Amino acid sequence: MSQTKQPITTTINQIHQHIDQFVRLQGWIYSKRSSGKIQFLQLRDGSGVIQCVVVKSEVPLEVFSTSEDVAQESAVIVDGIVRKDSRSSLGYEINVQDLIHVSNAPDYPVTHKEHGIDFLLDHRHLWIRTPRQRAILKVRAEVLRAMSNYLDQNGFTRVDPPILTPTAAEGTTELFHIQYFDEEAYLTQSGQMYMEAAAMAMGKVYSMGPTFRAERSKTRRHLIEFWMIEPEMAYFTHEDNLNLQESFLSAVVQQVLEHCEVELTLLGRDLDRLRAVQPPFPRMSYDEAVLWLQKQGRDIQWGEDFGAPDETELANQFDRPVFIQRYPTKVKAFYMQPDPERPEVALCADLLAPEGYGEIVGGSERIHDYTLMQERFSDYNLPNEAYAWYLDLRKYGSVPHSGFGIGLERTVAWICGLEHVREAAAFPRLLYRLYP
Ligand code: 4AD
Ligand code: MG
């Protein structure tokens, strides 16, 4: 192969199409080692990592000395021949002919030794360059794609609710206040109320976007800013809602398995646990859950909400997500439809992920009766004027309807098998962390 020939510019994930061809890769040095006469450069380009071999006796002197100079995260362009290599995990390596040093990265802070979590979070803008973090972000992107695929193919229309809102959607204690000229406004906690309006306009709708909770919770499940996907369906009962959720989530997990096996394997995920995520999901009533927890010796009384350890224990009985349904009306949001036969419980469900990941979905049938909704407004001290538009939905052609919200980062953390939701966001916003 002559070096005067033009290389084909490609990416590492396409390298299998170029066996024995002269290619160009553009990326960064992930790591390197040397045996004196040979430099082994691990090149990453965002699509993967490949070993690039520079043999002193086969390249011009300056190419070899460049290969000696480059260090972790130096930006480089590599021209070379693609060789099949059964010893490498990728199956290919590059026999380097030319190496262009685009820029260097002196004293790169995120080295290959162990770093503490605070250090890594302070350097999140660099930490995301590592194969593990890249794999997580890939899975996250695939989860979003799978979610919109499913919904788009099942008659839903995407509608984007506002981020700046005049009212609370999920309780007033966790609101971020901001000044909206002469008015007070809040960052949205949930797009649900707007999606209810949209469902009356379009039938089946969904949103996906950021939501905010000024929650002083420092747990492995809580972010201050997280993404929620919120489907809302006119004429859907509580049962319809649960059936949709299990079909939706199973389809999402199976699509991610199909497209991200490499990433999930790199993350050390047990793929069989994900393959088991198929409908139907087990369903337990809140009543049954309380009795079962009491039998396990847990200190819980009917009427109380579950804590994280309760949820973990409940979910551990099953190999797939479990619905806990019909919670006491008192512990849930004001808009939930009470069970007509038993108004002390609501037609709602939380979906608990297996393996200790806790609640990933919250959903319910919504109150559609004008008078009942008005009563709730006075019970919860909600200002009628600010919510007038929401009451209008009960005044003009109101119908039973249901919806749910699924937390993206919790779902990604579960699918990837992560310790903490913070790794499921590119730049997580945590209690006491706004940087970078
Ligand atoms: O249960 P939540 O609060 O429900 C709602 O906001 C409804 N309005 C949704 C709807 O019916 N349209 O939140 C829904 C999901 C939770 O199950 C969880 O996955 C996620 O959002 N979530 C969080 N994720 C990360 N950090 C937090 N602080 C979260 N709070 C909720
Ligand atoms: Mg909830």
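Reply: Let's start with Pro 280, which sits in the loop between α8 (271–275) and β13 (283–285). Helices (H or I, at least four residues) and strands (E, at least two) are DSSP runs, numbered from the N terminus. Keep in mind that this is a predicted model, where local features need pLDDT of at least 70 and side-chain atom pairs count only at pLDDT 80 or more, while totals for chains, interfaces and linings use all residues. Residues are numbered from 1 along each chain as its sequence is written, chains are lettered from A and ligands numbered from 1 in the order in which they are written, and side-chain values use heavy atoms, with hydrogens and water left out.

Another cis bond joins Tyr 435 and Pro 436, with omega about -5°, and Pro 436 lies in the segment after α13 (408–416). Most peptide bonds are trans, and most residues other than glycine have a negative phi. On the phi side, Phe 181 is not a glycine, yet its phi is positive, about 55°. You'll find Phe 181 in the loop between β9 (177–180) and β10 (183–187). Gly 155, which follows α4, also has a positive phi, near 85°.

As for helix α4 itself (residues 131–153), its 23 residues should span 33 Å at 1.5 Å a residue, and the end C-alpha atoms are 32 Å apart, so the two agree. That expected span is 1.5 Å times one less than the number of residues.

Now the ligand. Ligand 1 is surrounded by 21 residues, with Glu 170, Gln 192, Glu 230, Glu 359 and Ile 360 the closest; to count, a residue needs a heavy atom within 4 Å. A polar side-chain atom of Glu 170 is 2.6 Å from a ligand nitrogen. On its own, ligand 1 has 620 Å² of accessible area (Shrake-Rupley, 1.4 Å probe), and the protein covers 93% of that.

Two or more shell residues come from each of β12 (225–234), β18 (358–366) and β19 (401–407). β18 gives the most, five.

Technical notes:
Polar contact = N/O pair within 3.5 Å; in protein donor to acceptor, adjacent residues only side chain to side chain.
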